[in-house]
Amino acid sequence: MVNTDATRRLWAAADQLWANTGLKPSEFSTPVLGLIFLRYAEKKYAAAEEKLGPLGSGGRRKVKRTDFLAEGVIFLPDHARFSYLLALTEGDNIGKAINEAMKAIEEENPDLKGALPRNYTRLENWVLLELLKLLGPVDLSGDAFGKVYEYFLGNFALREGQKGGVFYTPESIVRLIVEVLEPYHGRIYDPACGSGGMFVHSAEFVQRHHKTAMDEISIYGTEKDRTTVNLNKMNLAVHGLTGDVREANTYYEDPHLAVDHIGGRFDFVMANPPFNVSGVDKARLEGDPRFPFGLPKPDNANYLWIQLFYAALNYQGRAGFVMANSAGDARGSEQLIRQQLIESGAVDVIVSIGPNFFFTVTLPCTLWFFDRAKEADPEQADKVLFIDARHIYRQIDRAHRDFLPEQVEFLANLVRLYRGEALETEQGSAALLAEQGLAEGYVDVPGLCKVATRAEIAAQGWSLNPGRYVGAAARDADGVDFAERLEELSEELEVLNAEARELEERIAGNVAALLGAV
């Protein structure tokens with residue numbers, strides 16, 4: 001994520017302003033993000049105007065609105081420009097003026113219809129004046145504006161804690177998923193897309209490999225919260241991207257027709273779904289082709305999401321997603337579903353992530369990766385790469401961790417070595433690879449990585465817990481992190497409790513059947 005002094009100073013000023021408003025983070029964040037979007041839109045519009053000339057100028061052929069749209073910019077009527085708003089004074093109704101500007105932009109740009117904030121009259125005039133003055137001098141390129149938007153989005157999510165985690169996945173986790181999936185070209189789908197981080201970083205991946213994102217990838221997403229859909233659309237816009245993002249409840253709706261009787265339609269699926277959701281009405285899901293391995297019996301949606309991701313892929317597609325650790329060892333009907341997934345050959349890479357990477361949960365989690373192209377290759381289908389990355393992180397503060405760029409690249413390079421692909425070392429991972437004895441090619445490294453066969457996985461009860469395969473690295477006894485170990489034990493307890501609940505249900509069902517037969 002962008003971390004320049006200018007951006008930090010911009011955030012610090014906005015944060016100080018928020019502290020003096022008495023508003024909740026959610027009440028302040030959306031208007032601020034909307035103004036960042038508007039400042040970016042004017043920057044792009046001004047550049048197009050310099051090239052084309054002002055609206056209505058020219059000789060026999062006058063410059064028209066369509067000329068601006070053809071340049072890929074957001075068309076701005078005069079009263080919807082940031083500079084117009086910046087010129088307003090304390091005597092003007094600034095909240096009303098900004099609302100009218102957002103309305104005018106939506107009317108002129110159908111892709112943004114309903115997406116821009118219109119709640120500026122809830123903020124006092126002095127707050128809006130200060131925000132406009134704060135953002136007015138910012139003069140960045142389009143890509144840098146996108147980075148500022150992401151930086152603010154992440155910081156607002158951090159301020160909102162649990163609530164913020166619903167719409168924001170930390171950047172280093174998103175980057176690792178994208179680097180492993182390698183979305184060079186094709187259709188990208190996120191059925192729990194939040195504010196769009198997966199899309200933005202996929203586009204950056206394409207650009208970094210010297211291609212134009214909107215020529216190479218198509219973006220599709222669903223999200224059940226309207227406010228989050230709007231954040232997503234603005235996020236795409238400030239990165240110069242467009243996509244088909246729809247408001248929908250993914251459990252029951254498939255607005256993009258991701259799956260039909262033939263199969264999935266997407267080249268890449270990536271997501272950070274909510275963990276351990278209960279209360280999904282499975283009666284409504286009977287016969288749905290998005291759940292090809294059957295509906296799990298426990299009141300837990302993890303194995304609904306896992307199947308959704310698998311089924312949405314075409315036969316060359318890859319998926320990467322965040323999942324609760326407990327899913328890797330779940331028993332009963334969930335184990336049977338997991339066994340079928342492993343036997344399909346599509347399970348490709350499993351990565352353990354340590355605690356405190358997310359705003360929603362402090363528990364460790366796991367990243368799962370599918371590659372359906374493996375299904376047609378018996379040798380590749382027999383293998384799964386397990387990586388234990390719990391000891392790899394940067395400690396941001398007592399409660400939060402992330403990955404450094406070289407650590408993301410190092411972990412992605414483990415996968416490239418396993419696949420026989422060329423390494424990438426621009427972020428400085430060469431030293432880490434050499435340190436682990438991986439400079440010359442892939443080898444299993446105790447405590448870090450292990451390629452396991454299907455027979456080995458079957459012998460472990462079809463577990464997808466990397467700790468069962470990777471083993472332990474050499475570690476001093478006094479080097480054990482007590483808090484981390486406590487988190488791991490809590491996760492193990494969650495697994496055991498889930499198993500106990502399922503056994504209770506089975507016993508109760510058997511007892512009821514016996515009594516009914518008497």
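Is Cys193 buried or exposed, and what is its relative accessibility?

**View 1. Cys193 and Cys365 in the predicted model.** Cys193 counts as buried because its relative accessibility is 5%, where buried means under 20% relative accessible area, exposed over 50% and partly exposed in between, with a 1.4 Å probe and protein chains only. Cys365 is buried too, with a relative accessible area of 1%. The structure holds 0 disulfides, a disulfide being a pair of cysteine sulfur atoms within 2.5 Å.

**View 2. Strands β2 and β3.** Strand β2 (residues 217–223) and strand β3 (residues 244–247) run parallel and are joined by 4 bridges; two strands pair if DSSP finds at least two bridges between them. Helices (H or I, at least four residues) and strands (E, at least two) are DSSP runs, numbered from the N terminus. Gly221 stands opposite Val245 in β3. Between β2 and β3 the chain passes through helix α12 (residues 226–238), in a β-α-β crossover that is right-handed, which means that, with the strands pointing away from the viewer, the path from the first strand over the helix to the second runs clockwise.

**View 3. Helix α16.** In helix α16 (residues 405–419), 12 of the 15 residues are buried, among them Phe410, Leu414 and Tyr418. Just after α16, Gly420 takes a positive phi of about 80°.

**Notes.** This is a predicted model, in which local features need pLDDT of at least 70 and side-chain atom pairs count only at pLDDT 80 or more, while totals for chains, interfaces and linings use all residues. Residues are numbered from 1 along each chain as its sequence is written, and side-chain values use heavy atoms, with hydrogens and water left out.
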